[in-house]
Amino acid sequence: MKRAMQGLMMASILMVGAIGIASAALPEPQDPQVVANMSYEQRLQMSKDLREQFKQATPEERREYRQKLHAKFKALSPEERKALREKMHAQWKALTPEQKKELRENRKAMIAAMTPEERLEMKKEREEWMKAHPNEKEHWNKPMSN
């Protein structure tokens, strides 16, 4: 009986350890300037991989990832952010309608995998960002349809 209990406890410990390894933390966010220099295919693959990792991550890990990503953007100078935004906007305009649709669907799937609380938190983060940067609000609210 004692051996059976020890075996059961050992199996439980191994299972918890395996689950911990399987749900490894999200990777460090890429530098925004590096991402801007990626091809469409590279960026799409990176976002698909990240979406799969987001599904396995906890809400806390996803929040930490977003905070690190925001910090990378904040580390850029205003001129670098403006240049990056213009470059990304030009790249978006150069995409085909099918590519734009694929990117939108991927983004929607990533957000759909989040909890309602996380989506609300992201909305609040965006609103706070818009309050902090009122000159940028008009630009970010423009649709990227062309």
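**Exercise 1.** Does Phe 73 count as buried, partly exposed or exposed, and at what relative accessibility?

*Solution.* The model is a predicted one, in which local features need pLDDT of at least 70 and side-chain atom pairs count only at pLDDT 80 or more, while totals for chains, interfaces and linings use all residues. Residues are numbered from 1 along each chain as its sequence is written, and side-chain values use heavy atoms, with hydrogens and water left out.

Step 1. The classes are buried (under 20% relative accessible area), exposed (over 50%) and partly exposed (in between), with a 1.4 Å probe and protein chains only.
Step 2. Phe 73 has 36% relative accessibility and therefore counts as partly exposed.
Step 3. Phe 73 belongs to helix 4; helices are DSSP runs of H or I with at least four residues, strands are runs of E with at least two, and both are numbered from the N terminus.
Step 4. Not counting residues up to four places away in sequence, Phe 73 touches Pro 32, Arg 81 and Leu 84, where contact means heavy atoms within 4.5 Å.
Step 5. The C-alpha atoms of Phe 73 and Gln 33 are separated by 9.3 Å, although these residues are 40 apart along the chain.

**Exercise 2.** Describe the overall make-up of the protein chain.

*Solution.* Step 1. The chain has eight helices and zero strands.
Step 1. Of its 146 residues, 21% are buried.
Step 2. Among contacts between residues at least 6 apart in sequence, 72% join residues at least 24 apart.

**Exercise 3.** Determine how helix 3 and helix 6 are arranged.

*Solution.* Step 1. Two packed helices are described by the angle between their axes and the distance between the axes.
Step 1. The axes of helix 3 (residues 40–56) and helix 6 (residues 97–112) come within 10 Å and cross at roughly 15°. Such axes are lines fitted to C-alpha atoms over the stretch in contact, and the angles run from 0 to 180 degrees between N-to-C directions.
Step 2. Helix 3 is therefore roughly parallel to helix 6, given that angles under 35 degrees count as roughly parallel, over 145 as roughly antiparallel, 65 to 115 as roughly perpendicular and the rest as oblique.
Step 3. On the side of helix 3, the contact is made by Tyr 40, Leu 44, Ser 47, Lys 48, Leu 50, Arg 51 and Phe 54. Helix 6 contributes Gln 99, Glu 102, Leu 103, Asn 106, Ala 109 and Met 110.

**Exercise 4.** Which side chain makes a polar contact with the side chain of Tyr 40?

*Solution.* Step 1. Tyr 40 is placed in helix 3 and counts as buried, because its relative accessibility is 15%.
Step 1. Beyond four places in sequence, Tyr 40 touches Leu 95, Gln 99, Glu 102 and Leu 103.
Step 2. The side chain of Glu 102 makes the polar contact, at 2.9 Å. A polar contact is a pair of N or O atoms within 3.5 Å; within protein, one must be able to donate a hydrogen and the other to accept it, and residues adjacent in sequence count only if both atoms are side-chain atoms.

**Exercise 5.** Is Arg 66 buried or exposed?

*Solution.* Step 1. Arg 66 lies in helix 4 (residues 59–75).
Step 1. With 7% relative accessibility, Arg 66 counts as buried.
Step 2. The side chains of Arg 66 and Glu 121 are joined by a polar contact of 3.3 Å.
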